[in-house]
Amino acid sequence: MDRWLLITATLLAAIGGAWGMISVHRGRRSRLTTLWMLLALLCQLAFLGMRGEARAACPLADRGEILVFLSWSLTLFYLLVGPAYRISLLGVFTAPVVVVFQTIALLPGVLDVPPVKLTGGNPMHETHAATSVLAYGALALAAVAGVMFLVLDRQLKEQHLKSGLFRNLPPVRELLVSLERLLWLGGGLLTIGILAGFLMPHDTAALGHLLAALAVWTGYAVLLGVKTVRGLTGRRLSLLTVALFVLSLGVFAFV
Amino acid sequence: MELLCLGLNHKTAPVEVRERFAVGQAKLGDAASELRSLTGVAEVVVVSTCNRTEYYLAANAAGEVLERLEIHLVEKTELHGIATPHFYRMEKFAAARHLCRVVSGLDSMMLGETEIFGQVKQSYHAAHEAGTTAGVLNRLFQRAFGIGKKVRTDTAIQEGSTSVGNVAVDLAEKIFGHLKDSEVMILGAGEMSRITAQSLVSRGARSIFVSNRSYDRAEELAAEMGGCAVRFDDWQRVLQRVDIVISSTGSPHAIVRRADVEQVRRARKFRPLFFIDIAVPRDIDPAVGEIEEVYLYDIDTLEQLATAAREKRLKQIEECERIIDAELAKLNLPGT
């Protein structure tokens with residue numbers, strides 16, 4: 001049953017993305033993308049609820065669950081940020097990322113079947129896992145906003161201003177503001193997650209994960225510090241945000 | 001009861017004739033009431049903009065009423081023998097079709113412009129409040145507004161900007177969003193700079209700095225715009241804070257060089273900077289556009305974008321007229 005919910009969520013996100021892309025190609029705004037993504041979010045929630053029930057803990061025990069939790073977090077932040085900043089097009093860029101993450105989760109062997117009930121859970125461990133994955137959702141969305149900026153920047157620089165995509169992309173300044181806010185939000189949540197990670201009981205096997213997480217945190221802290229103190233061009237900020245997010249996914253290799 | 005239209009516009013009459021027929025917005029209702037008192041006239045709406053004055057009437061004995069109206073207008077404007085050749089006269093379906101074309105912006109000087117829709121609406125409301133409309137004109141105008149909206153929604157008749165100034169403003173909004181947080185500097189107080197800056201101010205640009213070789217002229221333009229004058233050897237200092245630079249100095253060589261912008265990048269914290277170069281020869285060294293956070297557009301590019309938008313609109317006329325005819329055919333309006 002949980003697998004079918006995940007398949008449905010993936011299909012809904014795919015429909016939302018495709019619908020949005022067709023609308024943008026025709027030069028229209030893709031308002032319905034938000035609805036498709038909302039439905040995908042509900043399916044993700046139901047999936048995570050069932051897995052959590054089976055695990056009797058936060059459903060972050062295998063790589064598949066982490067990817068779905070990450071997709072849920074990304075979708076949630078999109079639904080919170082997109083309408084607030086009137087960046088409906090964010091959904092068109094978010095949906096493919098969700099589809100990719102969830103498709104990987106659906107590959108054989110990525111999700112535990114059936115999920116094993118966890119014993120001896122620790123609240124700090126669950127706080128660490130949940131806030132870290134939420135942070136990744138915000139940071140993933142920042143990377144999506146970064147990609148949108150890079151597309152718009154290229155079109156403005158090369159003076160290709162007639163496409164439907166150009167007409168629908170939000171202004172440069174709004175994209176950069178939302179990107180920076182998402183970085184601060186993601187960075188804050190990541191800090192809580194890492195602090196909780198220090199406070200939970202761990203053995204030497206977790207050292208690689210800890211070092212990788214610290215490296216990621218340092219990377220984001222330096223990026224935000226440089227942006228705040230010295231300033232950064234939109235292009236560099238976007239490129240670094242995308243690069244850092246891709247590199248930061250390496251942390252899950254140590255889970 | 002028949003529908004009639006008598007009017008003159010930018011295509012049929014020069015400004016010295018049009019201005020004699022112009023009716024201020026506050027007096028549209030009175031003008032309609034005055035014409036309503038003519039024998040045979042049952043309903044009236046007077047539409048008056050800078051490019052046209054039109055009289056829409058519902059009346060019996062159309063020919064006689066048109067003649068009476070024309071005589072009345074000629075006497076009132078004292079343009080005996082001058083005004084008549086500039087009038088166009090339409091009856092029944094042709095009058096209804098003309099109103100739909102006007103509302104859709106197809107008859108405007110700037111094809112597809114949106115302002116006319118609101119102006120006709122104001123004219124209709126003024127007549128309605130003055131009590132000079134009833135069954136024929138109420139139905140006609142309400143349907144015409146519906147058709148006008150459909151034309152604008154279903155076609156690309158109002159897409160894109162058709163003037164250099166508007167293209168520049170649209171680009172500024174694409175970069176900065178709401179312009180209320182944006183500051184503008186004008187280099188060279190020429191007419192094109194003034195028009196472009198005015199467009200930016202009308203869309204909310206926060207403050208304007210004007211720098212010109214003649215400081216007096218800079219002060220004059222700054223006062224007109226509600227901005228500040230800056231001495232010409234001091235514009236680099238202002239570059240640190242502004243978001244948009246409009247340049248049109250008439251200088252034979254580049255005024256803004258890459259080094260000028262490089263110098264202020266750190267102080268600006270690498271914020272986006274939009275240069276609009278409307279001077280020939282160009283005022284801004286093209287190398288400035290290679291700086292990451294700089295978007296540089298010259299007059300040729302802006303003109304190409306405006307021309308492309310105008311051509312796109314021209315291609316839409318046939319489709320717009322097809323919609324108008326199809327919608328009018330469905331309605332069977334009284335008086336047509």
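Predicted model: local features only at pLDDT ≥ 70, side-chain atom pairs only at ≥ 80, totals over all residues.
Residues are numbered from 1 along each chain as its sequence is written, and chains are lettered from A and ligands numbered from 1 in the order in which they are written.

Chain B holds 12 helices and 10 strands, where helices (H or I, at least four residues) and strands (E, at least two) are DSSP runs numbered from the N terminus. Along the principal axes, the C-alpha atoms of chain B fill a box of roughly 75 × 40 × 30 Å. Of the 336 residues in chain B, 44% are buried. A residue is called buried if 20 or more other C-beta atoms lie within 10 Å of its own, exposed if 12 or fewer do, and partly exposed in between, with C-beta atoms placed from the backbone. Among the contacts in chain B with a separation of 6 or more, 72% join residues 24 or more positions apart; a contact here is a pair of residues whose C-beta atoms, placed from the backbone, lie within 7 Å. As for confidence, chain B averages a pLDDT of 92, and 100% of the residues score at least 70, pLDDT being the predictor's confidence in each residue, from 0 to 100. The model scores ipTM 0.80 and pTM 0.77.

Where the chains meet, 13 residues from chain A and 13 residues from chain B take part in the contact. On the side of chain A that touches chain B, the elements giving two or more residues are helix 5 (123-158), helix 7 (172-199) and helix 9 (234-248) of chain A. Helix 7 of chain A supplies the largest share of that side, 3 residues.

Attention now turns to helix packing in chain A. Two packed helices are described by the angle between their axes and the distance between the axes. The axes of helix 2 (residues 32-55) and helix 4 (residues 90-106) of chain A come within 10 Å and cross at roughly 30°. Axes are lines fitted to C-alpha atoms, for helices over the stretch in contact, and angles run from 0 to 180 degrees between N-to-C directions. Helix 2 of chain A and helix 4 of chain A are therefore roughly parallel to each other; angles under 35 degrees count as roughly parallel, over 145 as roughly antiparallel, 65 to 115 as roughly perpendicular and the rest as oblique. In this pair, A:T33, A:T34, A:M37 and A:A40 of helix 2 meet A:G91, A:V92, A:A95 and A:V98 of helix 4.

A second pair in chain A is formed by helix 8 and helix 9, whose axes come within 10 Å and cross at roughly 170°. That angle makes helix 8 of chain A roughly antiparallel to helix 9 of chain A. Here A:V216, A:G219, A:Y220, A:L223 and A:K227 of helix 8 are in contact with A:L237, A:L240, A:L244 and A:S248 of helix 9.

A:V99 lies in helix 4 of chain A and counts as buried because it has 22 C-beta neighbours inside 10 Å. Not counting residues up to four places away in sequence, A:V99 touches A:T10, A:A13, A:A14 and A:G17. A:H202, in the loop between helix 7 and helix 8 (207-229) of chain A, is partly exposed, with 16 other C-beta atoms within 10 Å. A:H202 and A:H125 are 77 residues apart in sequence and 9.2 Å apart in space, C-alpha to C-alpha.

Some backbone features also deserve a look. A cis peptide bond joins A:V113 and A:P114, with omega about -10°, and A:P114 is placed in the loop between helix 4 and helix 5 of chain A. In chain B, a cis peptide bond joins B:V280 and B:P281, with omega about 0°. B:V280 is found in the loop between strand 9 (273-277) and strand 10 (294-298) of chain B and is exposed, with 11 other C-beta atoms within 10 Å. B:K269, although not a glycine, has a positive phi of about 55°; B:K269 is partly exposed, with 14 C-beta neighbours inside 10 Å.

Terms used
Contact = placed C-beta atoms within 7 Å.
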